[in-house]
Amino acid sequence: MFLQKEARSCKLWSSSYLITNFNDFQLACLGSFFLHESVFFLSGLPFIFLERAGWLNKYKIQTKNNSPAAQEKCITRLLLYHFCVNLPVMIISYPVFKFMGMRSSLPLPSWKVVSTQILFYFILEDFVFYWGHRVLHTKWLYKHVHSVHHEYATPFGLTSEYAHPAEILFLGFATIIGPAITGPHLITLWLWMVLRVLETVEAHCGYHFPWSLSNFLPVYGGADFHDYHHRLLYTKSGNYSSTFVYMDRIFGTDTGYRKLKALKKTGVEDDGKEM
């Protein structure tokens with residue numbers, strides 16, 4: 001009970017400090033941008049170092065590695081797109097969020113409200129992202145837009161946001177539509193952003209660890225699920241889902257992946273019997 005009170009007091013102090021020293025626009029736009037950049041690069045850069053050093057290779061999904069030049073190209077483009085696309089979008093969309101009721105003032109929302117909203121965002125984002133992603137895999141849009149993201153057939157964490165500016169705007173809509181229509185507290189928006197960034201970085205990291213969430217939560221896609229999507233031809237890849245896999249399962253766009261998993265499992269079982 002004492003620890004809970006201390007934690008809540010700390011949250012209240014932090015919120016009071018931010019509200020006192022920064023206005024809503026600064027927190028919602030510049031604060032969100034800084035938070036996004038920090039979480040994105042701090043979670044994504046370690047996978048570059050892992051790949052270069054060759055550490056934990058037994059958990060790497062593909063044996064192929066990206067060249068340092070390819071990795072540096074990705075980082076350079078990301079910084080350009082983040083400052084020239086992401087930040088302006090945050091600034092332009094601020095009036096919409098404000099109109100829908102987003103606030104940064106006290107009191108903070110209850111965990112019940114926060115968790116309900118976050119769950120809703122995940123479900124809505126999965127639905128919108130799935131159909132948007134499938135559309136991007138049509139011939140013309142893939143060639144002129146989505147092929148940029150697929151330049152990296154062997155993805156690593158930072159490639160999760162490496163995309164054509166038009167795709168950033170198009171699929172980014174899936175991420176912001178939930179908060180845009182509910183007008184959450186800024187704390188909820190920030191939590192959603194952090195969870196979404198960590199999820200997409202993990203899905204593109206190129207490693208499947210024993211502690212990966214997909215090993216414990218069957219409906220979660222993760223790196224193994226999305227890596228399959230990157231290494232196949234655009235017309236045959238499937239696995240279009242964002243966080244969870246139920247949309248692919250419902251519409252039958254993960255059959256190739258499931259067949260491959262079944263074959264691998266059968267092969268492992270056969271090897272075990274022979275031994």
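## Met 100

Met 100 is partly exposed, at a relative accessible area of 34% (buried is under 20%, exposed over 50%, and partly exposed in between, with a 1.4 Å probe and only protein chains counted). You'll find Met 100 in the loop that runs between helix H3 (68-99) and helix H4 (111-136); helices are DSSP runs of H or I with at least four residues, numbered from the N terminus.

This is a predicted model, where local features need pLDDT of at least 70. Residue numbers start from 1 along each chain, and side-chain values use heavy atoms, without hydrogens or water.

The peptide bond joining Leu 106 to Pro 107 is cis, with omega at about 5°. Most peptide bonds are trans.

## Two positive phi angles

Most residues other than glycine have a negative phi. Leu 56 isn't a glycine, yet its phi is positive, at about 55°. Leu 56 belongs to the loop between H2 and H3 and is partly exposed, with a relative accessible area of 36%.

Asn 239, also not a glycine, has a positive phi near 50°. Asn 239 is in the loop linking helix H8 (222-231) and helix H9 (246-251). Is Asn 239 buried or exposed? Asn 239 counts as buried because its relative accessible area is 0%. So Asn 239 is a buried loop residue, while Leu 56 is a partly exposed one.

Methods:
This is a predicted model: local features need pLDDT of at least 70, side-chain atom pairs count only at pLDDT 80 or more; totals for chains, interfaces and linings use all residues.
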